[in-house]
Amino acid sequence: MPEVIISGGGPTGMMLASELRLHDVDVLVLEKDAEPGKLVRSLGLHPRSIEIMDQRGLLDRFLAHGQQYPGPRSFAGIDKPSTATLDTAHGYVLGIPQPVTDRLLTERAVELGAQIRRGHEVTGVEQDDDGVTVELAGGARLRSRWLVGCDGGRSLVRRLLGVGFPGEPAQTEWLLAEIEVTTPPDELAAVADQVRKTHKGFGIGPAGNGLPGNRLYRAVVPAATVAEDRTTPPTLQEFQTQLRAYAGTDFGVRSARWLSRFTDATRLAERYRTGRVFLAGDAAHVHPPLGGQGLNLGIQDAFNLGWKLAAEVTGWAPQGLLDSYHTERHPVAADVLNTTRAQSELISPEPGPQAVRRLLTELMDFEDVSRFLIEKVTGIGVRYDFGDSHELTGKRLRDIRLSRGRLYELMHRGHGLLLDQTGELSVAGWTDQVDHVIDVSDELDVPAMLLRPDGHVAWTGDDQQDLLNHLPTWFGASTTGRENSASVLTIP
Ligand SMILES: Cc1cc2nc3c(=O)[nH]c(=O)nc-3n(C[C@H](O)[C@H](O)[C@H](O)COP(=O)(O)OP(=O)(O)OC[C@H]3O[C@@H](n4cnc5c(N)ncnc54)[C@H](O)[C@@H]3O)c2cc1C
């Protein structure tokens with residue numbers, strides 16, 4: 001019996017599986033699709049997700065498959081040269097198609113020992129005091145202690161739990177496809193430019209290798225209506241009809257690599273935890289893809305939940321730690337939904353929203369405004385409420401240089417970390433959970449800092465007793481007597 005079953009092997013599920021495996025939790029991922037999909041939804045990672053990859057030693061893999069773009073500097077498509085210096089060592093967007101992100105996260109989960117079963121669709125969920133019973137298509141039943149629904153926007157787990165999903169239904173639908181065109185590139189670009197001036201929901205651009213002769217394009221065009229059954233992809237004919245309706249031409253499209261549809265439905269699960277079952281990623285929140293945040297948000301949900309669920313399974317989780325997943329992540333998603341709603345309004349061609357857009361365009365010349373908006377979209381502005389007034393507490397800490405290396409290099413194991421510039425503090429009693437790093441940094445102006453495994457600052461100061469008061473909040477009761485001798489992490 002695995003300790004945790006994850007329903008859904010998308011980016012959220014795979015990220016969570018890896019985080020759990022870092023702590024030796026037995027985890028089984030059930031994915032209904034027999035093969036990974038080719039559909040490219042997300043086009044990239046924002047700085048906070050890039051930081052997460054760095055914190056787990058995965059950054060090189062992602063950099064090898066992605067392209068770094070300057071920025072991020074755009075809000076609702078208002079593109080401003082960024083004057084705002086973001087508080088991150090990774091102030092760029094990493095262009096990387098979602099199937100590649102999905103593959104890299106899957107490879108990592110497998111390397112760490114997660115069991116992945118493809119072609120296994122979850123059809124039923126029941127829970128009792130001891131665990132969860134999951135039923136699969138075909139009738140097989142599996143038991144685990146915990147279940148996490150990472151099964152996307154139409155999450156069956158969420159529906160079976162009866163968790164409300166309030167918000168706005170789809171009002172507009174778009175068709176998305178990778179198509180092979182015959183119109184010459186210059187002619188295509190000229191038409192696309194003209195159409196985009198009046199129709200904000202239309203776009204077409206090269207999708208292939210970008211080499212001369214590449215005829216593969218990614219195109220998005222509004223659908224005629226909101227389809228009743230959105231699980232069925234549109235036909236090529238439907239796509240051609242909409243291209244002609246909006247662009248006056250179908251660009252000579254003859255075939256599609258894949259076709260898909262998406263909407264502007266905006267909804268947030270009422271609760272992220274129901275007993276032994278959690279929701280994460282699109283299963284917990286859906287919104288239009290403006291700003292490119294959905295996948296990033298899911299990865300960050302998983303990063304928040306992973307160590308907490310591992311702590312519960314391992315037996316050291318303090319009271320309330322598991323519930324803090326909802327308390328911390330639900331408001332973050334609510335804020336993202338709010339931001340995407342605002343962006344949706346700002347791209348409307350109506351005179352009112354256009355006037356607000358012009359005003360915001362001017363306001364974004366102010367560095368503080370620009371930074372505020374971009375910190376929202378990139379996720380680096382997230383601050384959890386730990387009830388402490390120090391300006392760093394609750395925020396994630398950027399990567400900083402230490403005298404012997406970099407901070408993020410020391411976080412690969414997924415442990416908590418005491419960064420101690422005084423050399424006089426101790427985490428004895430919590431050495432299984434917290435690495436003690438004695439080092440200095442000219443980028444850090446507090447004597448010491450306690451970081452959670454997800455890199456958020458739990459405490460700052462230099463007072464041992466104060467530290468002892470804070471450690472149990474995140475790392476449970478002291479295990480004095482069990483601590484190992486390697487309580488101070490040696491940096492090579
Ligand atoms: C057009 C478009 C563009 C986007 N662009 C971006 C972008 O640029 N940046 C960004 O961050 N996000 C973007 N997104 C959003 C992003 O694609 C999603 O937020 C992301 O895929 C969510 O990941 P997930 O793992 O939570 O869910 P999913 O990716 O939906 O994965 C869920 C998985 O669960 C499986 N599953 C479902 N039901 C079951 C079941 N009953 N049993 C077993 N398995 C099941 C599914 O097969 C699937 O593999 C975009 C979305 C769209 C539509």
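These are my notebook entries on a predicted model.

**Ground rules.** Side-chain values rest on heavy atoms, with hydrogens and water left out.

**Entry: H285.** I looked up H285 and placed it in strand β21, residues 285-286. Strands here are DSSP runs of E with at least two residues, helices are runs of H or I with at least four, and both are numbered from the N terminus. H285 has a relative accessible area of 0%, so I log it as buried. The scale is under 20% for buried, over 50% for exposed and partly exposed in between, with a 1.4 Å probe and protein chains only. What does the side chain of H285 make a polar contact with? It is the side chain of D301, at 2.7 Å. A polar contact is a pair of N or O atoms within 3.5 Å; within protein, one must be able to donate a hydrogen and the other to accept it, and residues adjacent in sequence count only if both atoms are side-chain atoms. Leaving out residues up to four places away in sequence, H285 also touches F165, R267 and Y272, among others. Contact means heavy atoms within 4.5 Å.

**Entry: a sheet.** I traced an open sheet of three strands in the order β3-β7-β4, with antiparallel pairing. Its edge strands are β3 (44-45) and β4 (67-70), each pairing on one side only. β4 and β7 (residues 92-95) pair over four bridges. Pairing takes at least two DSSP bridges between the strands. For Q68, I found L94 as the bridge partner in β7.

**Entry: aromatic rings.** I searched the whole structure and got eight aromatic pairs. The rings are those of Phe, Tyr and Trp (its six-membered ring), with centres within 6.5 Å; planes under 30 degrees apart are stacked, over 60 edge-to-face, and the rest tilted. F278 and Y325 have ring centres 6.1 Å apart and planes at 65 degrees, so I list them as edge-to-face. This pair links distant parts of the chain, with F278 in strand β20 (residues 277-279) and Y325 in helix α9 (residues 324-346), 47 residues apart. F278 is buried at 0% relative accessibility, and Y325 is buried at 1%. For Y384 and F386, the centres are 6.3 Å apart and the planes at 40 degrees, so that pair is tilted. Y384 and F386 are buried. I also noted one aromatic cluster, formed by W146, Y272, F278 and Y325.

**Entry: charge over ring.** The charged end of R276 sits over the ring of W146, 4.6 Å from its centre. R158 lies over the face of F165, 3.5 Å from the ring centre. The test wants NZ of Lys or CZ of Arg within 6 Å of the ring centre and within 35 degrees of the ring normal.

**Entry: ligand.** How many residues surround the ligand? I count 31, and the closest are T12, E31, R41, Q98 and D282. The cut-off is a heavy atom within 4 Å. A polar side-chain atom of T12 lies 2.8 Å from a ligand oxygen atom. A ligand nitrogen atom is 3.1 Å from an N or O atom in the side chain of S42.

**Entry: positive phi.** D24 is not a glycine, yet its phi is positive, about 65 degrees. D24 is in the loop between α1 (11-21) and β2 (27-31).

Note on methods: Residues are numbered from 1 along each chain as its sequence is written. This is a predicted model: local features need pLDDT of at least 70, side-chain atom pairs count only at pLDDT 80 or more; totals for chains, interfaces and linings use all residues.
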